[in-house]
Amino acid sequence: MTDAQSYMGKLITIDRYILEQQQSHPEATGTLTNLLYDLALAAKIIASKTTRAGLAEILGSAGEENVQGEEVQKLDAFAQRTIFRLNDHTGRLAVMASEEVEDVIPIPERFSVGPYVLVFDPLDGSSNIDMNVSIGTVFGIYRRKTTTGRGALEDVLQPGRALVAAGYILYGASTMMVYSTGQGVHGFTLDPAIGEFLLSHPHLMLPAKPKYYSVNQGYQPYWAPGVQAYTAWLQHDTPEKPGLSLRYIGSLVADFHRNLLAGGVFYYPADHKDPQKPGGKLRLVYEANPLAFLIEQAGGYASDGARAILDIQPEQLHQRVPLFIGNRILVEQAEMLLHQQDATVAA
Ligand code: AHG
Ligand code: MN
Ligand code: MN
C-alpha cells in the first residue's frame, strides 16, 4: 500500500482512489467500491442543500413549495431520503438502518438484495443547522450475516469489529468525505466548481501529541466522580501530556474531525442529568461504531469507559453508549480512572 507521501500533490478524485484501493484486493467484486461511490454522490447532493439550509425557510416560506417547486423538507429528512433513494435499488444492500427510522429499513420487494448492510446517521448535529455550525453524516458498512431471505435486524446488530468500511461527511467551511476500508483513513475535499471530491488528506494518522479535549462541560455536575477526575487530569500538565485546551462544537462529526487532525479526546460520558439517557446520548450502531472503526485505523482507540466500543455486541438498534474516543493514551486513562472509581464505590 502506497503511503501518504506518494500521493502528495497529485490530483486524485475519490472514485479513482477507491478503485486503486480495490485493486489491492484481487478477490473484490467492485460492489463495495460502487457502494462508496453512491455515498460520495449522496454527500454531494446533501452538501448542495446544506450550503443554503438557512434559505430553506425563506425559499419555502411561500407555503409548502419553494421557488424551485420542491417540497420543503427538513434537512435531516432530506438527507435520510437521499441516502435511502441512492441505495434502495442498486442490489448492493440486504438491509439499511438509520437514526431517523425506528426499525431496520428493508430493501423494497421490487429490488434485489445484495451482500452489504448500511447503517447511518443521515444528519448529525442537526440542532446546529440554524446556527450555521458544521454538521455531518456518519456511515458504517457490514457484510450481511444472514444467509437466506432479505436482510434482517441481525445483520445490523453486528459488533463494530465486523465493519468492512466506515466514514463520515463533514459539511463545514468545505465539504469533506473521510472514509476507511481497513487500509488507513483517507480524506477528500469537495471542489464545488467541478463537483469532485479530491484527495486532500491521504493516510490520516492521529498526531502523537494531543491538543484538545472535547466534552459538554455543562453536564459536569451530573458526572460520576471518575469522569470529574478524568477531566481534571486532562486539564493539567502530566508526564504523558501537557494540559489540554477545551474545544466543543456540539456537532459530533466536527468535534471528531478536529481531534483526528490535531490530536485529542472527545467524550460524551454517562451522566445522571436525563433519566432517559443514563448511558450517555450517542448511539452505538451508527455514531460510535463507525467513528471507533476510523479512530483505530488512525492509531487511536474508542471505549465506553470500560471496554472497546468495537467489541460491544449491540442489543437494540438505537441503543446509547458512553463514548471516549481519540488518542489511545487519553482514552485508556479514562478507563483507568473510571475503573478506580468503581473499585472505590464497591469497597
Ligand atoms: P444528532 O443531531 O444526530 O441527534 O446528534 C447530535 C449529537 C452529536 O452531534 C453531538 O455530539 C451531541 O448531540 C451534542 O449533544 P449535547 O448538546 O448534549 O452536548
Ligand atoms: Mn447524530
Ligand atoms: Mn442525526
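Asp124 and Glu287 are both buried, a word that here stands for under 20% relative accessible area, whereas exposed stands for over 50% and partly exposed for what lies in between, with a 1.4 Å probe and protein chains only. The model is a predicted one, in which local features need pLDDT of at least 70 and side-chain atom pairs count only at pLDDT 80 or more, while totals for chains, interfaces and linings use all residues. Residues are numbered from 1 along each chain as its sequence is written, chains are lettered from A and ligands numbered from 1 in the order in which they are written, and side-chain values use heavy atoms, with hydrogens and water left out.

Asp124 and Glu287 belong to a metal site: together with Asp121, they coordinate the manganese ion (ligand 2) through OD atoms of the two aspartates and OE of the glutamate, at 1.9 to 2.1 Å. Donors are N, O and S atoms within 2.8 Å of the metal (3.2 Å for Na, K and Ca), and because water is not among the atoms, sites may look incomplete. Along the sequence, the donor residues of this ion follow the spacing D-x2-D-x162-E. The manganese ion (ligand 3) lies 3.6 Å from the manganese ion (ligand 2), and Asp121 coordinates both. Since Asp124 sits in strand β3 and Glu287 in helix α9 (residues 284–297), the pair ties together parts that are 163 residues apart in sequence. Helices (H or I, at least four residues) and strands (E, at least two) are DSSP runs, numbered from the N terminus.

From the metal site we can turn to the sheet. Its 8 strands form an open sheet in the order β2-β1-β3-β4-β5-β6-β7-β8, with mixed pairing, where two strands pair if DSSP finds at least two bridges between them. At the edges stand β2 (105–106) and β8 (196–204), and because each has a single partner strand, one side of each is left without a neighbour in the sheet. Helix α8 (residues 252–262) packs on the sheet, touching β3 (116–124), β4 (135–143), β5 (165–171), β6, β7 and β8, and its direction makes about 105° with that of β5; contact means heavy atoms within 4.5 Å, and axes are lines fitted to C-alpha atoms, for helices over the stretch in contact, with angles from 0 to 180 degrees between N-to-C directions.

How much of β5 is buried? In this strand, 7 of the 7 residues are buried, so β5 is largely enclosed by the rest of the structure. In a regular strand the side chains alternate between the two faces of the sheet. Both faces of β5 are covered, with Ala165, Gly167, Ile169 and Tyr171 buried on one side and Ala166, Tyr168 and Leu170 buried on the other. Strand β5 runs antiparallel to β4, to which 7 bridges join it, and Thr137 stands opposite Ile169. With β6, strand β5 pairs in the antiparallel sense over 6 bridges, and the two form a hairpin with 3 residues between them.

Two residues have a positive phi although neither is a glycine: Asn132, at about 55°, and His203, near 50°. Asn132 lies in the loop between β3 and β4 and, at 72% relative accessibility, counts as exposed, while His203 has its place in strand β8.

Finally, pLDDT is the predictor's confidence in each residue, from 0 to 100. The mean pLDDT of the protein chain is 91, and 91% of its residues reach 70 or more. Over residues 58–70, however, the pLDDT is below 50. Where pLDDT is low, the predicted coordinates should not be read in detail.
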